[in-house]
2 protein chains.
Amino acid sequence: VPAPVAGFRFAALEAGIKKRGGLDLGLLLADAPVTAAAVLTRNRVRAAPVQLTAERIRAGRARAVLVNAGCANAATGRPGLAAARATTAALARVLGAPEEQVLPASTGVIGALLPAEKILPRVAELVAAARPEGLDAFSRAILTTDRGPKLAEAVARVGARTARVVGVAKGAGMIHPDMATTLAFVVTDAAIAAAPLRSALRAATDATFNALTVDGDTSTNDTLVCMASGRAGNAAIRGPGPAYRAFVAALTAVLEALGKQIVADGEGAEHLVTVEVVGARSAAEARAAARAVATSNLVKTALFGKDPNWGRILGAAGRSGARFDPERVALRIGGVPIVRRGVGLGPDAEARAHEVMRRPEYEITLDLGAGRAAARYLTCDLGHGYVSCNADYRS
Amino acid sequence: VPAPVAGFRFAALEAGIKKRGGLDLGLLLADAPVTAAAVLTRNRVRAAPVQLTAERIRAGRARAVLVNAGCANAATGRPGLAAARATTAALARVLGAPEEQVLPASTGVIGALLPAEKILPRVAELVAAARPEGLDAFSRAILTTDRGPKLAEAVARVGARTARVVGVAKGAGMIHPDMATTLAFVVTDAAIAAAPLRSALRAATDATFNALTVDGDTSTNDTLVCMASGRAGNAAIRGPGPAYRAFVAALTAVLEALGKQIVADGEGAEHLVTVEVVGARSAAEARAAARAVATSNLVKTALFGKDPNWGRILGAAGRSGARFDPERVALRIGGVPIVRRGVGLGPDAEARAHEVMRRPEYEITLDLGAGRAAARYLTCDLGHGYVSCNADYRS
């Protein structure tokens, strides 16, 4: 667990929201109002907490995040919004802060109304329990089908000071690009204004959370909040420059590490696979091809079976819209060449690729032979664990 | 098995192409050259037989289709094209027909070269065996992972005569819209010119094969060929009118029945589910929403688990691009209302929906409450059978 970040405290407790019990209510608390930014789901069906957070984050300042697992409070209509308002208002009262500075976040089953009555009586206790060392408990309180907590940290040289960036996430299913995907919270002691924090978060998200997939679905609750206390003492970052770039790099590193942990934890997944497409005619085509391969169920079941079924990989790329000549394509699995000029290299190559595919982590490199653009996509295998996990989720 | 169609004969034999043995080489033979049309995969990676068939079908006339299972002859470069040319040329010689009137089709593992040496010595025997009653054997020779043959028939009143339309298909995986999907062959004794036959086939495909999904992937080999002998004796259909409409209706009925059999046979599938979206703002949005729901792995695993997890259905529709107000959405599963005005109707409704979901076939109706457009999509559940089938396919 990363060391505390100056200006932030965490707490967690068991409020009885998760059916199976365990920590399910978490608090991320800044000592004072701080700069904040968020990336939220673009799904048209947005949970009540996402609707409230979208409103409240516009000011670029926040004091706390109140998060629960076990109930998504999505598709719950006005009662859902009322419950999110009531619980965050109660927390605001205890803190003596404006309601607008408290952001709600929820994860769990869609359609169940947030049980405000289980949360309201515990809010004061939660605030009292908040400590700089509370991240470990917090990281566990936000989990649902995850196999374990996800944490990452990085440092950035900002002017004459060193800033720390620490992130925590939950997520194993419903992970897909172009949505914020998952719940994730990042705190930093860097001093940075709201507008550059927002653009830094966008840039870091595009390169990481928006280029990974578990099952192609997206959630009604995806929320990524970043809060900056300014306690590192650097001259506040107000726009482009070395400090901004260093901060984006650190933020990207944290989100990338969290993203890898999420995909590796893909419900029931056994292999973390990076799909790299090179030789594409444009970045957009490289991304389209990488995405088609990374999201193909036929490819993903072959990864599960450790089957170097390169025909499925070529087939997925072939329907992606990327322009290429199939007779110029080359493919490597974990560095083992398996296709050259569109033709398979035979059983020996496949046997060596099969060995590579036993590893928990490896790379597939598809060279379209059509240009110079490249893109990467993180994915995982689709096996019996995924089916069991998702078929039994609510029963 | 449908009765013979005047003007056509079929044959099948075991040529040793399928690893596991069994019938794997089929012949569809017209007594004389007939009108023909085809719909082929739009995947950029096209198997050798698809490339040849695309060239040869342009003339709108064909005498025979030579089809094999067990080897897709895809991504096999020039040797693959040479093998497809050699085998169809051999058949043309036996028939005394021009090469261009023999269409090749292959299905099976990608990357394996067609073993022409196993086919060439058997061609004369295949022609000699062709009989009007040979459809049953032919229907089994084209199968790969299918649980059984797929056959369908319909009749059309064309002028003063009745024409028959008989179709045969293979396919259980790699089934997805906007591609011809699967191997399918349709024969009819209707008299129809090449241009209207082509447009009829397009229209019938859009309404059927292009609105069903098993796993969202598409094949390098998808081929649908329709041949018309004219033996019904009707005045040849040359353009729009009652006879054309009747023929399109019969062709659509045949493709719809084959499509249902394909989805029901979706590798390891246990439930055939029609996703109907109504109340959309446009037909395109209705189709996008139906497609997003039908292809969502989270929805499909819930179908496998008989879990009326309506949150996943709403979530999938929410990311489809269709415009709607989540608070006006209604959902029924097999006729059981489960969501009204965006809010779940509770445990009793879910228990009743769960009962419906035990059935081998049912319907999900999502009303977006935003307009008057509707669309349907056929899908199936995603369970352990799918994973086993696709992870072990080549091993």
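This is a predicted model: local features need pLDDT of at least 70, side-chain atom pairs count only at pLDDT 80 or more; totals for chains, interfaces and linings use all residues.
## Helices H1 and H2 of chain B

In chain B, helix H1 (residues 48–57) packs with helix H2 (residues 77–95) at an angle of about 55 degrees, and their axes are 8 Å apart. H1(B) and H2(B) are therefore oblique to each other.

How does H1(B) pass H2(B), in a left-handed or a right-handed crossing? The crossing is right-handed. On the H1(B) side, the residues that meet the other helix are B:Ala48, B:Gln51, B:Leu52, B:Glu55 and B:Arg56. Their partners in H2(B) are B:Gly80, B:Leu81, B:Ala84, B:Arg85 and B:Thr88.

## Helices H6 and H7 of chain B

Further along chain B there's another helix pair to look at. Helix H6 (residues 194–207) of chain B packs with helix H7 (residues 242–264) of chain B at an angle of about 45 degrees, with 9 Å between their axes. That makes H6(B) and H7(B) oblique to each other, and H6(B) passes H7(B) in a right-handed crossing.

H6(B) brings B:Pro196, B:Leu197, B:Ser199, B:Ala200, B:Leu201, B:Ala203, B:Ala204, B:Thr205 and B:Ala207 to the contact. From H7(B) they meet B:Tyr244, B:Phe247, B:Val248, B:Leu251, B:Thr252 and B:Leu255. The residues of this contact of H6(B) with H7(B) come out as 12 nonpolar and 3 polar, with no charged ones.

## Helices H6 and H7 of chain A

Now for chain A. Here helix H6 (residues 194–207) and helix H7 (residues 242–264) pack at an angle of about 45 degrees, and their axes lie 9 Å apart. H6(A) and H7(A) are therefore oblique to each other, and their crossing is right-handed.

Among the residues making the contact are A:Pro196, A:Leu197 and A:Ala200 of H6(A), along with A:Tyr244, A:Phe247 and A:Leu255 of H7(A). What do the residues of the contact of H6(A) with H7(A) divide into? There are 12 nonpolar, 3 polar and no charged.

## How the two chains relate

Two copies of a chain are related by a rotation about an axis and a shift along it.

## Salt bridges

Over all chains, the structure holds 26 salt bridges. One pair is B:Asp31 with B:Arg9, which form a salt bridge with their closest N and O atoms 3.1 Å apart. This pair links distant parts of the chain: B:Asp31 sits in strand S2 (residues 25–40) of chain B, while B:Arg9 is in strand S1 (residues 8–13) of chain B. The two residues are 22 residues apart.

Notes: Residues are numbered from 1 along each chain as its sequence is written. Chains are lettered from A and ligands numbered from 1 in the order in which they are written. Side-chain values use heavy atoms; hydrogens and water are left out. Axes are lines fitted to C-alpha atoms, for helices over the stretch in contact, and angles run from 0 to 180 degrees between N-to-C directions. Helices (H or I, at least four residues) and strands (E, at least two) are DSSP runs, numbered from the N terminus. Angles under 35 degrees count as roughly parallel, over 145 as roughly antiparallel, 65 to 115 as roughly perpendicular and the rest as oblique. A crossing is left-handed if the near helix is turned anticlockwise from the far one by less than a right angle, and right-handed if clockwise. Contact means heavy atoms within 4.5 Å. Ala, Val, Leu, Ile, Met, Phe, Trp, Tyr, Cys and Pro count as nonpolar, Asp, Glu, Lys and Arg as charged, and the others, Gly among them, as polar. A salt bridge is a side-chain nitrogen of Lys or Arg within 4 Å of a carboxyl oxygen of Asp or Glu.
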